[in-house]
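This report describes one protein chain for a reader who is new to structures. Please look at the sequence and the model first, then read on.

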Amino acid sequence: MSTSERASTSATATGSAPVPAGPVVGVDVGGTFTKAVLTDATGTVLAEAHRPTPGPGPGVAERVVELAGRLTEELGARGPAPLAAGLVVPGTVDERHGTAVHSENLGWRDVPFADLFARRTGLPVAFGHDVRAGGLAESRLGAAAGVRDTVVFLPLGTGIAAALLLDGRPYAAGGAAGEIGHVRVASDEPCVCGLTGCLEAVASAAAVARRYRRASGRPADGAKEVAALVAAGDPVAVAVWREAVDALAAAVCWLAAVLAPHTVVIGGGLSSAGDLLLDPLNRRVTDGLTFHRRPVITRALLGDRAGALGAALLAAETATTGRPTGV
Ligand SMILES: [Zn+2]
């Protein structure tokens, strides 16, 4: 068990978001780790913890609820009792009905998480989608704090999905919005979804590492290693990187044409490359637009805590309004 207590100045609530009268817990169920934060009334992180996410198989949803419940109790025991808890999960989420419709990786279908989590914790709960919650956190507390206009959060991790924030609220469309990882933008690269040439198959952190290994015949643990090779001028790494950036630029140009976002926040593992990614992406996007509004493209600030912080923001809303919330 890895639990740490860390004061944070970066996660202070801003704007006119509702402020609860006490702490709340946010839990983010990731593909590998489940992360939880306890935040105070201003959104400052008081404590956090993480544990491995239960593997797929029979009863996985119940095991996830049990883990989220234990983390909520554990963090809640570190200070005044939490007023509410938020839970966010990957896959397709129907936040209105409080259910997880589908997760390919964790293997669940139609799980009433909001009810199960409320029963487990005995608290008012919020329930939502990990990427939309991360986008909410980046727009309130992180890279797009203070931006009142449309914001897109685009985490580039194992997969790619976008959170679309309109007037400060994530736009969900019943859980179907933002699935831009599975639109054909390039090449004939096969994708896990059954299509070919998807953005995710070329530009996710996992895809960059996989494509480099295949093209070079050399090992590369992850996108970070490929980024280092790009910086060192490795021609195979440079080519793989360029294809990823071109595909991302195409996606951002489409987003600019359809949504005209003020800011696009790039997150996930690939964003740790910093300017090595953002500089060419900015150039390609500028080249790809004419009269359109050119978005500010910036790097996420909240790292792998974004989802849990977003879950805590949802919980704070539930604690304040007394109504279940979700994104
Ligand atoms: Zn796909």
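Predicted model: local features only at pLDDT ≥ 70, side-chain atom pairs only at ≥ 80, totals over all residues.

In the hairpin of strand 3 and strand 4, five residues lie between the two strands, and among them G43 has a positive phi near 90 degrees.

**The strands around strand 3**

Strand 3 covers residues 33-39, and six of its seven residues are buried. Strand 3 has a partner in strand 2 (residues 24-29), with antiparallel pairing over six bridges. The link from strand 2 to strand 3 is a hairpin of three residues. Strand 3 also pairs with strand 4 (residues 45-52), again in the antiparallel sense, here over seven bridges. The table sets out the two pairings.

| Strand 2 and strand 3 | antiparallel | six bridges | G26 with V37 |

**Helix 2**

Is helix 2 mostly covered or mostly open? Helix 2 spans residues 113-121 and is mostly covered, with seven of its nine residues buried. The buried ones are F113, A114, L116, F117, A118, R120 and T121. After helix 2 comes G122, which has a positive phi, near 70 degrees.

**The nonpolar core**

The largest nonpolar core contains 109 residues, and L87, V208, V226 and A315 have the most contacts inside it. Which helix gives the most to this core? Helix 7, residues 235-258, does, with 13 residues. The core takes at least three residues from domain 1 (2-135 + 304-321) and at least three from domain 2 (148-300).

With neighbours within four places in sequence left aside, V208 is in contact with A223, V226, V240, W241, A244 and L270.

**A residue of helix 7**

A256 is part of helix 7. Is A256 buried or partly exposed? A256 has 19 other C-beta atoms within 10 Å, and a residue counts as buried at 20 or more, so A256 is classed as partly exposed. Apart from neighbours within four places in sequence, A256 is in contact with P261, L289, H292, R293, R294 and P295. A256 and G134 are separated by 122 residues in sequence and by 20 Å in space, taken from C-alpha to C-alpha.

**The whole chain**

The secondary structure of the protein chain consists of nine helices and 14 strands. The chain has a radius of gyration of 19 Å, close to the 20 Å that the globule rule gives for 327 residues, so the chain is as compact as a globular protein of that length. Along the principal axes, the C-alpha atoms fill a box of roughly 55 × 45 × 35 Å. Of the 327 residues in the chain, 53% are buried.

Finally, consider how far apart in sequence the contacting residues are. Among contacts between residues at least 6 apart in sequence, 66% join residues at least 24 apart.

Note on methods: Residues numbered from 1 in each chain as written. Core = buried A, V, L, I, M, F, W, Y, C linked by C-beta atoms within 7 Å. Buried ≥ 20, exposed ≤ 12 C-beta atoms within 10 Å, placed from the backbone. Helix = DSSP H or I, 4+ residues; strand = E, 2+ residues; numbered from the N terminus. Domains from an automatic or database assignment. Contact = placed C-beta atoms within 7 Å. Pairing = 2+ DSSP bridges. Rg over C-alpha atoms; globule rule 2.2 N^0.38 Å.
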